[in-house]
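Biologist: I'd like to go through this one with you, question by question. Could you put it on the screen?

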Amino acid sequence: MGGPESLRHLRRDPVLKAVIRQVGPCTLRPVKREPYEALVRAIAHQQVHGRAAEAILGRFIALYPGHDFPPADQVLATPVDAMRACGLSGSKVAAIRDIAEKSVGGLVPTRRAAARLEDAALIERLVAIRGVGRWTVEMLLIFTLGRCDVLPVDDFGVREGYRVATGADAQPKPKDLAAIGQDWGPWRSIAAWYLWRTADAAKASRFKPQ
């Protein structure tokens, strides 16, 4: 996603120019999943450590032998207790079942159908699902659908990355970062990726053993 054209454009911003020089090439590559699967995985990962979430997902997927990922119609036919036994909380079970129901009903589009929808239309459509907020859809847009112009201004890491890059005492407010990011279009997803890396690098150096 972060090819020469995007980097040339983003380097016009002096803050991002310094960030790009420090971080190096952009390695952002979307994982080509169906939106239904991406949303279910996102719910499983909410407020849970990555390894624990993957273990829970592994148990959930194991309920459906012969399938790479649980089909939505079969999820709806699965007893709630069986899903809870995988380690999913009650609220997550309810959210996953709603995603499955909305997938069967067509509200959650296929990857091919999603390609014909604008970012704003997908956000408006998918936030109607239980447990799915704007941030979750923005992550879907960037990391699953490979949309290049999404700036998740509510994301802590993106705002922290900008704070670190500018040496500011406080993170920018979401509306202020949205205004700053206007000039980064149509490559705001790439800008977000660089700000995430900046926040990660600062955190790593802060906690480096003496």
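Modeller: Here it is, and keep in mind that it's a predicted model. Before we talk helix ends: helices are DSSP runs of H or I with at least four residues, numbered from the N terminus.

Biologist: Glu 160 and Arg 163 meet in a salt bridge; how far is N from O?

Modeller: Both residues lie in α11, three residues apart, about one turn of the helix. An α-helix has 3.6 residues a turn, so residues three or four places apart point the same way. Glu 160 counts as buried because its relative accessibility is 12%, under the 20% cut-off, and Arg 163 is buried too, at 19%. The N to O distance in their salt bridge is 2.8 Å.

Biologist: Then there's the salt bridge of Asp 119 and Arg 147; how many residues apart in sequence are the parts this pair ties together?

Modeller: The two side chains meet at 2.5 Å, N to O. Asp 119 sits in α9 (residues 119-126) and Arg 147 in the loop between α10 (134-143) and α11, so the pair ties together parts whose separation in sequence is 28 residues.

Biologist: Which residues are linked with Glu 37 in a network of salt bridges?

Modeller: One link is with Arg 33, where the closest N and O atoms are 3.3 Å apart. Glu 37 is buried at 16%, while Arg 33 is partly exposed at 30%. Altogether, the network joins Glu 37 to Arg 33 and Arg 41.

Biologist: How many salt bridges does a search of the whole structure find?

Modeller: Side chains of opposite charge can pair when their charged atoms come close. Across the whole structure, the search gives a count of eight.

Biologist: Which residues gather in the surface patch of positive charge?

Modeller: Start with Arg 8, in helix α1 and exposed at 54%. Arg 12 is in the loop between α1 (4-10) and α2 (14-23) and is exposed at 66%. The patch consists of Arg 8, Arg 11, Arg 12, Lys 17 and Arg 21.

Biologist: Last one: what is omega for the peptide bond from Gly 185 to Pro 186?

Modeller: Pro 186 is in the loop between α12 (174-181) and α13 (188-206). The bond from Gly 185 into Pro 186 is cis, with omega near 5°.

Conventions:
Residues numbered from 1 in each chain as written. Predicted model: local features only at pLDDT ≥ 70, side-chain atom pairs only at ≥ 80, totals over all residues. Heavy atoms only, no water. Patch = residues over 30% accessible without salt bridge, like charges linked within 9 Å, V, L, I, M, F, W, Y side chains within 5 Å. Areas by Shrake-Rupley, 256 points an atom, 1.4 Å probe, with all protein chains shown as cover. Salt bridge = Lys/Arg side-chain N within 4 Å of Asp/Glu carboxyl O. Lys, Arg positive; Asp, Glu negative; His and termini not counted. Charge placed at Lys NZ, Arg CZ, Asp CG, Glu CD. Helix = DSSP H or I, 4+ residues; strand = E, 2+ residues; numbered from the N terminus. Buried < 20%, exposed > 50% of the residue type's maximum accessible area, 1.4 Å probe, protein only.
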